[in-house]
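This briefing sets out selected features of the structure shown below. The points are grouped by topic.

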Amino acid sequence: MFKPALMAAAIASLFASPAHAVSDAEWAAMKDEIRQMKAAYEARIADLESRVKSAEASAQSAEGEAAQATAASAPLAAASGMNPEVSLILQGRYHNAKGDGHITGFLPAGHAHGSGKGFSLDHTELALGAGIDPYFRGYANFAIADGEVETEEAWVQTTALGHGFTVKGGRFLSGIGYANEFHPHAWDFANQNLAYAAMLGEHYGQDGLQVKWVAPTPMFLEFGAEIGQGADWSDRNRLGSQALFAHIGDDLGDSHSWRAGLSYLSVRADGREGHWDDDNDAEAETFFSGKSRYWIADLVWKWAPDGNPKYRNFKFQAEYVRRSERGELECEDNSGDGGACAGGIAGDYRARQSGWYAQGVYQFHPQWRVGYRYDSLNIGSVNFGPEFSGVLSRPDFTPRRHSLMVDYNPSEFSRLRLQLAQDRAEQGLTDNQVTVQYIHSLGAHGAHKF
Amino acid sequence: MKSIRLFLLAACALLLAATPARAALKVLACEPEWAALTQELAGDKASVSSATSAKQDPHRIEARPSLIARARNADLLVCTGAELEVGWLPLLQRESGNARIQAGQPGYFEAARFVSLIDKPRSVDRSMGDVHAAGNPHLHLDPRNIARVADALAARLAQIDSANAGHYAARNRDFQNRWQQAMARWQAAGVALRGVPVATHHKNLNYLANWLGMKADVTLEPKPGVDPSVAYLGEVLAKVREQPVKMILHASYESPRASRWLAQRTGAPAVELPYTVGASAAAKDLFGLYDELIDRLLGALK
C-alpha cells in the first residue's frame, strides 16, 4: 500500500535535485540505487506483512478458544522466549554383577559414578543452557543423587570472539580424548570404557580455562589448550593441570565421516586417594602425590548411507590412553585387617601404564541399535620404592572386558538398553554382568556432538 | 627457545598462505533449496555450498567435523529456521568460533522469519511427536514463499556485501520476473490437482498441497518424526478405504516402504516427490524442482 508512495517519494527527491544534464552512467547509478531501496523496503514490508499475519492468526486462535488460549499460548512463548533451554535426564538401571567394579593394578584417579547392584537410580541430570547476551553462552549440568547435588559442569563460553576462537571458563569436562566430553546419558554403553575408568576417573573435568581455535582450512582442524586446578586432586595456588589437544576430521564421500585426535594432559596430584591389594591380599588405602602425564589418541568413524543416519548408521570409536606417574606414595596402616602395610609406609612410586578400547554401534532400524565393545588394560611397569618391598607389588594380570548391548529408542527422547558383559578387570574374578537401563530426557532437544 | 619461535612463525606464515584471498562471499546454506536461491541472487559474487543434500533428512543431521570447518569460514548462513535445524545447527555455530554467523547477527539468515508458517500447534507437548512450536518449517514447497524469501535474502546479501548491493538487487528483480512467469505456468498446469485428496508420509508436503489446493488430510506417520508401524498403517488403510485418496506421496529422503505398503492395498499410486534441489536429475535448480513436482503429480493423476 505504501510501496507506490515510497517510490514516488524517492523519484520526487531525485527530480528535486538541481536540473542539469544527467549522464547515462549517473542514470544507471540512480536506477540501481532505487532498485536497492525498493528491494530493501520490499523485504521490510514482507517481514511486516508476515508479522501482521502471524499476529492476526494468533489473535484469531485466541478469540476462538477464549478459555484455552491463555494456557495454550504459554508454552509457545516459553519455547522461544528468554528462558534457558532446560533438560532433565531420568536414568535408572537394574545391574546384576558379582564384583564391585574394582580394577586390579591401577591407582584410581578421581571418583567413579558406579551405582550399586540391583535396582538403582543413576544420577538424575539437570542441564540448563542459554545465550547470555551477544557475547557469551552459559551452561550448567547438575548430577542429582540422594542427599547430594554435584556440579558436573558450569561454564561460560564466548560466542563473539571470531577468527575461530572460543574461550570457556568455569567447570567443564576437558576436551581431551573423545569420550571425555560426553555425559553418561550420551554413552553408547551402560558404563564408561575401562581405560577411562581406571586412569581418568570416568571422565576428566576441571575448574579452569579453555581456549579453542578452529583453523580456517577446508578440512576440520582444531587446537585447544586448558589450564586448571586439576579437578579435586590438588589444592594449591599454582596451577594443577595443563592440557593440549588437536583434532582433525573430514568427510569421505557422502556416506563416511571421521575425526581423529591427539591429547596431552599433565596433572599434579596432592594426596590422591586410592587403594591397592597388598602382598597379604588385604586392601591398603594409598595416597599419591606427584605428577601424572597422559597421552590419548582417539579415532571416530561414522557411516550413514548418503549421509542420512535416520534409517541405518554405524559408528566406530577407539581410544588409547597412556599414563606415566612419578611421585611419592603412602599407604595407611592396615595391619589390623592383617594387611602388610604395618604402621603406614611412604616411598617412591613410578608407573607407566596404558589401556585401550574399541567399539562399534550399528543402528539397523530407526529405533534399534546393537553394539559391541572390547576393553583391555596393560598394567605396564609399576615400580614401588624399596620401602614397599614385601608390602606392595605389581600384579601379573591383564584386565579385559567384553560388552554387548542392544537398545530400543521409541523416540529421540527415550532409550531402553540391555547390556551383557564379561568383566575380567579384577584379578581372579570372571564377572558375567547383566544391566537393564532406561535413559529418558525431558525438555529441550539435546543436540549432541559428533 | 629460538627454534620454537621460528616454528611458530613458520606455522603462522603457512596458515596465512593457506587462507585464500577474500574474493567471493562465502555462503553456507543449511538446505539445498537455499543454496540454489542464493546462487540465483548472488551469481559469481558468492561461493555457495549446502550443508545437507536432497538425500538427507534436514531434521536428522550430525554436526560433522567437515560442517564445523565450513561454518568456521562462512560469511553467511542461510537456513530455514523454525527449529528445523535445532538438532545440529546450534552446535555448528558454537563450535565454529565464527562470530559472524551467530544468532542475531546479519550473517545468520532464517527464511522462516519472512513468511507466515502453517500448522502452528495450539500447544506443544513431546507426546505429540517431533512438533515444531513455531509452525511447519518445510516452507520452500510453496513457490510464493520462495519469492518472499528471495526479497529478504537479496536485502541481506546487500547488507553484508554492500559493495555489490546493486548486483544483488538487479539479480533479484530478474529472478522475481522469471519466478512469477514460472509460477503462472505451474498454477495453470496444477489446476487439475485442485481438490485432489492425497496421503502424505510426513507433514513436509503440506505447503505444496496448500498451494495447489490438494486435500492432504491423511498422514502415514502416527506423530511427526515417528515411523509408522504395520499396526498403525492398518488404521490408515481403514481410513483411506472410507475416504479414498488419489495418490500416496513421500519425499525423496524418506523410506518408500510405508507408501508402497499402502499403495499395494489401495490401488492408489505411491509417488516419490523430489523434496528439494538435487533430488533428481531434472531438479537441478528451483525451477527444475517445481517443473518436476508438477510433472510427477500430474503423471500420477492420469
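Chain B contains 10 helices and eight strands. The model is a predicted one. Of the 302 residues in chain B, 57% count as buried. Two disulfides are present over all chains, and a nonpolar surface patch of about 470 Å² is found on chain A.

**Chain B overall**

- Among the contacts in chain B with a separation of 6 or more, 64% are between residues 24 or more positions apart.

**Disulfide in chain A**

- A:Cys331 and A:Cys341 are joined by a disulfide, with an S to S distance of 1.6 Å.
- The two cysteines are 10 residues apart: A:Cys331 belongs to strand β12 (residues 313-331) of chain A, whereas A:Cys341 sits in the loop between β12 and β13 (345-365).
- Because the torsion about the S-S bond of A:Cys331 and A:Cys341 is about 85°, this disulfide is right-handed.

**Disulfide in chain B**

- A disulfide also links B:Cys30 to B:Cys79, with an S to S distance of 2.0 Å.
- B:Cys30 is located in the loop between β1 (25-29) and α2 (32-42) of chain B, and B:Cys79 in strand β3 (residues 76-79), so the pair ties together parts that are 49 residues apart in sequence.
- The torsion about the S-S bond of B:Cys30 and B:Cys79 is 50°, and the link is right-handed.
- Both B:Cys30 and B:Cys79 are buried.

**Nonpolar surface patch on chain A**

- The patch of about 470 Å² is made by A:Tyr372, A:Leu404, A:Leu418, A:Leu420, A:Val434 and A:Val436.
- Strands β16 (414-424) and β17 (431-443) of chain A are the elements that give two or more residues to this patch.
- A:Leu404, one of the patch residues, is placed in strand β15 (residues 400-411) of chain A.
- The relative accessible area of A:Leu404 is 48%, and this residue is therefore partly exposed, the class that lies between buried, under 20%, and exposed, over 50%.

Note on methods. Residues are numbered from 1 along each chain as its sequence is written. Chains are lettered from A and ligands numbered from 1 in the order in which they are written. This is a predicted model: local features need pLDDT of at least 70, side-chain atom pairs count only at pLDDT 80 or more; totals for chains, interfaces and linings use all residues. Side-chain values use heavy atoms; hydrogens and water are left out. Helices (H or I, at least four residues) and strands (E, at least two) are DSSP runs, numbered from the N terminus. Buried means under 20% relative accessible area, exposed over 50%, partly exposed in between (1.4 Å probe, protein chains only). Contact means heavy atoms within 4.5 Å. A disulfide is a pair of cysteine sulfur atoms within 2.5 Å. Patches are made of residues with over 30% relative accessible area and no salt bridge: like charges are joined within 9 Å, nonpolar side chains (Val, Leu, Ile, Met, Phe, Trp, Tyr) within 5 Å. Accessible areas come from the Shrake-Rupley method with a 1.4 Å probe; for residues, only the protein chains shown count as cover. A salt bridge is a side-chain nitrogen of Lys or Arg within 4 Å of a carboxyl oxygen of Asp or Glu.
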